[in-house]
Amino acid sequence: MPTESTFLLAGLFLLLAAAGWAMGRFGERDEEDPPPPLNIDYLKGLNFLLNEQTDQALEHFLRMVRVDDKTIETHFALGSLFRRRGEVDRAIRIHQNIIARPDLASEQRDQALYSLAKDYLAAGLLDRAENLFSRLSQGSRYQVQALDALCGIYEQEREWEKAIDAGQRLEVLGGHSLALQIAHYYCELSEAAIAKGDYVSAREYVKKAQAGRPRTMRGALTRAHIARDTDDNATALKLYHRIIDENTYLIAETLPEIVAIYARENQTEELERALTALIKKNPDMRSLVAYTAIVNDIGGIPVIDDCVEQYMLSDATLAEFVDLQQLTADEQDSAEISALARVRRALSKLARSTPRYQCQECGFSSQRLLWQCPSCREWETQRPASRVQFDTVLQHSITKR
Ligand SMILES: [Zn+2]
């Protein structure tokens with residue numbers, strides 16, 4: 001089966017013939033070295049293509065049309081076309097061929113190095129891409145693009161110190177703030193230090209994360225986790241409450257922590273009071289509280305149980321399947337486990353098997369909160385679901401049938 005690149009190269013060979021480049025104008029042949037007749041040259045290329053030998057055809061093209069001022073743009077265009085089509089090996093071959101030319105102008109060399117770095121990136125050869133982008137970031141007209149690409153590479157490699165350095169240089173050269181992104185890099189370092197039990201470093205990193213503007217609430221959340229892990233429950237609680245006050249969607253992350261701390265301290269009445277005040281101040285949070293409680297199996301706290309019950313009774317999709325109003329009325333006479341509790345348990349299972357977070361930029365969804373979206377690579381764009389995604393489950397069960 002002829003591939004797209006077969007047609008592409010065939011088109012180029014025909015174009016070259018039609019353009020009359022046959023007159024020995026290809027490459028840099030010496031005057032006394034008579035050019036071979038073009039029809040043989042391009043027929044040879046076409047022959048490779050007809051025999052589906054695309055790589056040989058490409059080599060033939062590269063030998064036939066040497067890189068010079070007149071042809072260099074064609075080479076670049078061909079290289080980037082191959083990359084866009086996912087034929088990265090061929091793109092690499094073309095760009096290496098350009099770089100191999102000894103008398104290349106420095107601007108063209110940079111362009112070729114930048115293209116080759118993008119090929120390596122597309123091929124997943126991060127080390128090679130990093131080397132070239134680092135070289136270009138030292139002083140070329142691709143400095144800004146190279147630093148941006150380096151940030152992306154260091155994010156993938158989780159090399160946060162290097163990412164901070166590239167980000168800070170990019171801020172200066174690009175002329176726009178990357179405070180949020182850099183704050184997340186510091187938070188990553190802080191979380192890595194927490195994982196090692198190095199709370200001194202963890203605190204230092206989080207302080208740096210919170211120095212920039214705009215701030216990320218992740219800094220406060222990380223500080224709260226440090227306080228929690230070092231048994232400073234009072235500070236942890238204060239911070240968790242502040243996070244909810246400032247950024248209500250993070251209740252999905254903080255509610256389980258708050259409940260755990262109050263339970264450890266045997267202060268369930270305090271918890272009841274705090275949550276009642278919170279919901280009174282912000283009634284819209286009821287469904288998010290209920291959903292978080294369902295997913296994390298938090299029960300036995302009247303104000304939370306009340307939110308969950310209201311949530312279940314008001315869910316239109318759920319009402320299609322179970323008449324909860326009727327079940328609740330019937331259960332006065334039943335000694336068995338309450339109908340609501342059973343539905344709640346089923347909901348909990350359902351919620352845990354469907355995505356809980358979704359990126360507001362690209363729609364990527366995941367089970368746990370991801371500060372950087374793996375799909376669009378934006379920071380802090382995920383938001384929690386506030387309802388069990390019945391449609392996803394239903395769709396899933398229909399396609400399984
Ligand atoms: Zn996204």
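Hi everyone, let me start with α8, which gives the second largest pocket the largest share of its lining, eight residues. Please keep in mind throughout that we are looking at a predicted model.

Staying with that second pocket for a moment: its volume is about 270 Å³. Its lining counts 15 residues, and the ones nearest the centre are Asp-148, Cys-151, Gly-152, Glu-155 and Arg-377.

Now to the largest pocket, where the space comes to about 540 Å³. Here 24 residues form the lining, and Arg-218, Arg-368, Leu-369, Leu-370 and Trp-371 are the closest to the centre. Which helix supplies the largest share of this lining? That is α14, with four residues. Helices α8 (143-157), α10 (179-195), α12 (217-229) and α14 (251-264) each bring at least two residues to the lining of the largest pocket. So much for where the lining comes from; as for its make-up, 10 of the residues are nonpolar, four are polar and 10 are charged.

Next, the metal site. Which residues coordinate the zinc ion? The answer is four cysteines, Cys-359, Cys-362, Cys-373 and Cys-376, each through its SG atom, at 2.3 Å. Along the chain, these donors follow the spacing C-x2-C-x10-C-x2-C.

What about the geometry of the site? The angles among the four donor atoms run from 102 to 117 degrees, and the site of the zinc ion is tetrahedral.

Is Cys-373 buried or exposed? Cys-373 is buried, because its relative accessible area is 1%, and buried means under 20%. Cys-362, on the other hand, has a relative accessibility of 37% and therefore counts as partly exposed.

Finally, a step back to the whole protein. The secondary structure comes to 21 helices and three strands. The protein has 401 residues, and buried ones make up 44% of them. As for contacts between residues at least 6 apart in sequence, 55% of these join residues at least 24 apart.

Key: Residues are numbered from 1 along each chain as its sequence is written. This is a predicted model: local features need pLDDT of at least 70, side-chain atom pairs count only at pLDDT 80 or more; totals for chains, interfaces and linings use all residues. Side-chain values use heavy atoms; hydrogens and water are left out. Donors are N, O and S atoms within 2.8 Å of the metal (3.2 Å for Na, K and Ca); water is not among the atoms, so sites may look incomplete. Four donors count as tetrahedral if all angles lie between 85 and 135 degrees; four count as square planar and six as octahedral if opposite donors are over 155 degrees apart and all others between 65 and 115; anything else is irregular. Buried means under 20% relative accessible area, exposed over 50%, partly exposed in between (1.4 Å probe, protein chains only). On a 1 Å grid over the protein atoms alone, a cavity is a set of points where a 1.4 Å probe fits but cannot get out, and a pocket is an open set with protein on both sides within 12 Å along at least five of seven lines; lining residues have an atom within 4 Å of a point. Grid points are joined across faces, edges and corners, and a volume is the space filled by probe spheres set on the points. Ala, Val, Leu, Ile, Met, Phe, Trp, Tyr, Cys and Pro count as nonpolar, Asp, Glu, Lys and Arg as charged, and the others, Gly among them, as polar. Contact means heavy atoms within 4.5 Å.
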